[in-house]
Amino acid sequence: MAGIRLPPEDADVSQVARQVSAVDLISDDDRSVAADSWSIKSEYGSTLDDEQRHADATEALSAAAYRAPSDYSSDKEEPDAEAVSSLLGFQSYWDATYADELANFREHGHAGEVWFGADVMEIVASWTKTLCLGVSQRHLPNHVDNANHVSAGEPEKELSSWSVLDVGTGNGLLLQELAKQGFSDLTGTDYSEGAIDLARSLADRAEFTNIKFLVDDVLDTKLDKKFQLVVDKGTLDAIGLHPDGPLKRLMYWDSISGLVASGGLLVITSCNSTKDELIQEVEAFNQRSGASPESDTTVDLDASRDPPPFQYIDHVRSYPTFTFGGSVGSRVATVAFLRN
């Protein structure tokens with residue numbers, strides 16, 4: 001996870017500073033509890049008892065006034081801005097989390113949490129591969145016309161030519177899944193040095209030596225290249241959980257649009273936003289970028305007007321990530337956008 005850089009301390013952000021100080025005093029167990037509001041116990045290893053994990057996660061969700069979205073509909077009540085902010089929005093939380101996970105890896109060999117679950121990660125990686133091959137071969141949904149497509153050829157060669165960036169890579173396991181699908185030009189970034197150290201260690205152990213990992217904040221990126229595929233699994237969610245989440249989400253779109261190459265794809269996996277909400281957020285960014293308000297991000301565009309920066313292409317059916325008492329606690333939406 002990556003994406004939030006804390007502002008300098010002054011009178012306007014004193015409240016944020018106090019919250020960050022509080023984070024530093026939180027126990028290891030409390031950090032694990034907050035993290036579990038987004039994850040499930042996976043085959044990659046966990047250090048918490050199942051019963052305690054579920055009980056604590058339920059309490060954390062209740063404390064944050066978290067409400068699970070209903071599949072892809074946009075009929076959620078408008079949340080209170082302060083209620084939805086969370087420890088997960090602060091870099092200090094992630095630094096502490098990945099320091100713990102790195103120590104756990106070195107001591108026990110555990111990879112740590114798989115955000116949204118291993119099954120979802122595998123499904124997203126496989127679906128993304130199919131989508132990229134469709135872009136390469138122009139086999140896209142009828143509403144999309146990609147004039148900047150990659151030339152068709154052998155699937156293996158096509159995927160190896162795709163440059164891939166995972167923003168907020170965390171432990172880097174999504175990039176490992178993409179490598180298994182045939183991608184080879186892979187880069188992962190995270191603003192937490194501990195996350196990058198863990199990702200490198202896990203990739204080396206699995207012999208994925210071609211994956212590059214860099215410390216970088218997506219909101220203040222130092223990357224000077226564009227990628228044909230940019231993936232985000234939970235990073236936009238974390239950004240939205242910061243007290244300044246709405247502003248930071250605007251910064252996110254300004255930054256991410258400069259990282260996706262023309263004709264490339266942006267694939268976002270979220271448990272806090274529905275498909276419709278992500279599309280609405282993209283449409284708002286398109287309008288801020290000067291695209292015609294009448295432009296529809298899901299239809300062919302008239303050649304007489306400038307196309308919007310992003311077009312919606314497709315999505316993956318949502319998947320439950322964990323349950324409490326038989327009810328779904330969170331659902332994951334994965335949505336793909338084409339960069340014009």
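At what angle do helix 5 and helix 7 pack? In this predicted model, helix 5 (residues 118–136) and helix 7 (residues 173–180) pack at about 45 degrees, with their axes 9 Å apart. Local features need pLDDT of at least 70, side-chain atom pairs count only at pLDDT 80 or more, and totals for chains, interfaces and linings use all residues. Residues are numbered from 1 along each chain as its sequence is written, and side-chain values use heavy atoms, leaving out hydrogens and water.

- Helices are DSSP runs of H or I with at least four residues, and strands are E runs of at least two, numbered from the N terminus.
- Seven of the eight residues of helix 7 are buried (under 20% relative accessible area, 1.4 Å probe, protein chains only).
- Those buried residues are Leu173, Leu174, Leu175, Gln176, Glu177, Leu178 and Ala179.
- Gly182, which follows helix 7, has a positive phi near 120 degrees.

**Phe116**
- Phe116 lies in the loop between strand 2 (114–115) and helix 5.
- Phe116 counts as buried because its relative accessibility is 1%.
- Phe116 and Gly234 are 118 residues apart in sequence, but their C-alpha atoms are 8.4 Å apart in space.

**Leu247**
- Leu247 belongs to helix 10 (residues 245–256).
- With a relative accessible area of 51%, Leu247 is exposed (over 50%).

Technical notes:
Axes are lines fitted to C-alpha atoms, for helices over the stretch in contact, and angles run from 0 to 180 degrees between N-to-C directions.
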